[in-house]
Amino acid sequence: MTDKKKWLLVLGLRAGYDIPAAAKNFLRNADTVIGGARNLSLIPSLTPSTIKPLMRPFAKNIDWLKKMKSQGKKIAFVATGDPSFFGAAKILRQHFNYDEMLVVPAVSVVSLVAAAMGWAVEDAIIISTHGDAATRPIEQLVRHLHPHVKIIVIARDAPQLLAIAQLLQERNFGDSRLTIFSNLGGDDKKTIRLKASAIKTARPFEMDFYTIAIEAIADKNTNAPQVMTTAGHEIDFFHHDGQITKPETRAIILSKLRPAPQKLLWDIGAGAGSVAVEWALRGGRALTIETKKNRHDNILKNIARFGLQNNITALNIPAQQFLRNYLASGQKKSQASMAPDIIFVGGGVSDNELMAMVWRALPHGGRLVSASHSVEGQMAQHAHHQTWGGEVMTINIAQKKAMTSSDNFHTMAANQQTTLHVVDKK
């Protein structure tokens with residue numbers, strides 16, 4: 001497809017930025033230019049008849065663009081900075097063929113922040129909370145909060161800034177230094193520097209389109225636990241009803257699940273969802289299936305606590321019902337995004353009908369890991385091992401405990417025993 005066939009320009013702009021020739025040529029022939037008022041003001045050659053203000057919610061713009069495409073119109077969509085970096089280009093590519101689009105970026109706000117802070121971009125963690133709170137929650141900050149970490153947040157407005165500061169204080173990072181930028185790259189840029197704990201809800205912040213540089217500093221004299229870069233978080237990190245995998249066992253389970261970015265885990269009989277959370281913190285996607293409503297509610301709370309709404313989908317449904325529906329669909333192409341790379345069964349291993357359906361649902365090349373704490377479950381796992389192969393192992397965790405007969409002596413008391421069955425489907 002030649003450039004002449006491209007009908008949609010996605011143009012990133014920044015104050016003081018010279019629009020490239022290819023974009024200028026497209027703009028001359030565009031039927032309509034759509035964008036926010038600030039961005040449109042950066043193109044002085046536009047005539048009022050060609051301008052269309054950006055609509056909210058964003059889905060309205062998609063519907064309008066589809067209509068324009070059907071009419072053979074040439075449209076220029078104007079965005080801020082680099083549209084492919086937490087910007088509109090990603091959303092537009094989900095609805096339109098990229099071969100029909102011309103994407104022209106300007107310098108990203110992240111580059112401007114890094115330059116202003118004296119940071120290398122690659123040394124900073126970059127997240128966006130600008131947009132839908134359900135898909136870009138501020139809680140995603142939590143997994144990155146470690147002393148000395150540099151974080152750049154593409155934020156939305158003053159209330160969100162206050163919420164971020166509050167979150168830092170709640171997680172014992174109130175001493176963190178915040179540098180708040182607005183309109184970077186323009187003559188009207190603004191900068192505010194202060195500690196997260198110094199931001200008060202009554203303080204007026206008359207700024208537009210916030211970007212925040214965070215230098216993470218843990219509060220003094222606090223031993224509060226932090227999100228780790230390895231699996232095995234303490235159970236206090238999670239909402240649960242007592243039915244939760246122990247940290248040491250969970251760490252071993254994660255090593256057998258082999259988490260990787262974008263891989264999809266099915267967590268069947270998910271309980272508190274701690275395994276799915278640990279998986280998602282490593283960059284994977286997860287689908288939790290839990291029958292009990294109170295446990296499903298705890299899973300939702302744990303997803304929100306870690307800001308993993310984009311990574312985990314939670315279903316409150318009996319596992320057998322879910323599997324029957326999935327298998328009855330014939331695993332159609334429309335369900336390709338639901339096909340698991342790994343299945344973890346944390347409850348129900350002694351249910352032979354359930355396990356047979358799990359095995360059928362697992363694609364070739366996938367891995368099945370099951371865990372059991374009961375004698376009956378262990379017996380079932382040995383039977384599954386005889387049928388499907390793989391490996392069976394038992395995990396025993398012992399902890400120091402005072403002996404009942406003496407305060408001076410201790411014993412290593414065994415906790416619950418866990419049996420794992422791990423098998424790859426060839």
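Buried means under 20% relative accessible area, exposed means over 50%, and partly exposed lies in between (1.4 Å probe, protein chains only). The model is predicted, so local features need pLDDT of at least 70 and side-chain atom pairs count only at pLDDT 80 or more, while totals for chains, interfaces and linings use all residues. Residues are numbered from 1 along each chain as its sequence is written, and side-chain values use heavy atoms, with hydrogens and water left out.

**Exercise 1.** State whether Glu 278 and Arg 250 are buried or exposed, and describe how their side chains meet.

Solution.
- Step 1: Both Glu 278 and Arg 250 are buried.
- Step 2: Their side chains form a salt bridge at 2.9 Å, N to O. A salt bridge is a side-chain nitrogen of Lys or Arg within 4 Å of a carboxyl oxygen of Asp or Glu.
- Step 3: Glu 278 belongs to helix H8 (residues 274–281) and Arg 250 to helix H7 (residues 247–257), so the pair links distant parts of the chain, 28 residues apart. Helices (H or I, at least four residues) and strands (E, at least two) are DSSP runs, numbered from the N terminus.
- Step 4: Through shared partners, salt bridges join Arg 250, Glu 278 and Arg 282 into one network.

**Exercise 2.** The structure holds twelve salt bridges; work out which parts of the chain the one between Glu 100 and Lys 69 ties together.

Solution.
- Step 1: The side chains of Glu 100 and Lys 69 meet at 3.1 Å, N to O, in a salt bridge.
- Step 2: Glu 100 sits in the loop between helix H4 (88–93) and strand E5 (101–104), and Lys 69 in helix H3 (residues 59–70), so the pair ties together parts 31 residues apart in sequence.
- Step 3: Glu 100 is buried at 13% relative accessible area, whereas Lys 69 is partly exposed at 35%.

**Exercise 3.** Describe the salt bridge of Asp 157 with Arg 156.

Solution.
- Step 1: The closest N and O atoms of Asp 157 and Arg 156 are 3.5 Å apart.
- Step 2: Asp 157 is partly exposed, at 26% relative accessibility, and Arg 156 is partly exposed, at 31%.

**Exercise 4.** Locate the backbone features at Pro 57, Asn 172 and Gln 262.

Solution.
- Step 1: The peptide bond from Arg 56 to Pro 57 is cis, with omega near 0°; Pro 57 is in the loop between strand E3 (51–53) and H3.
- Step 2: Asn 172 is not a glycine, yet has a positive phi of about 65°. Its loop runs between helix H6 (158–170) and strand E8 (177–182).
- Step 3: Gln 262, also not a glycine, has a positive phi of about 75°. Gln 262 lies in the loop between H7 and strand E11 (264–268) and is exposed at 54% relative accessibility.
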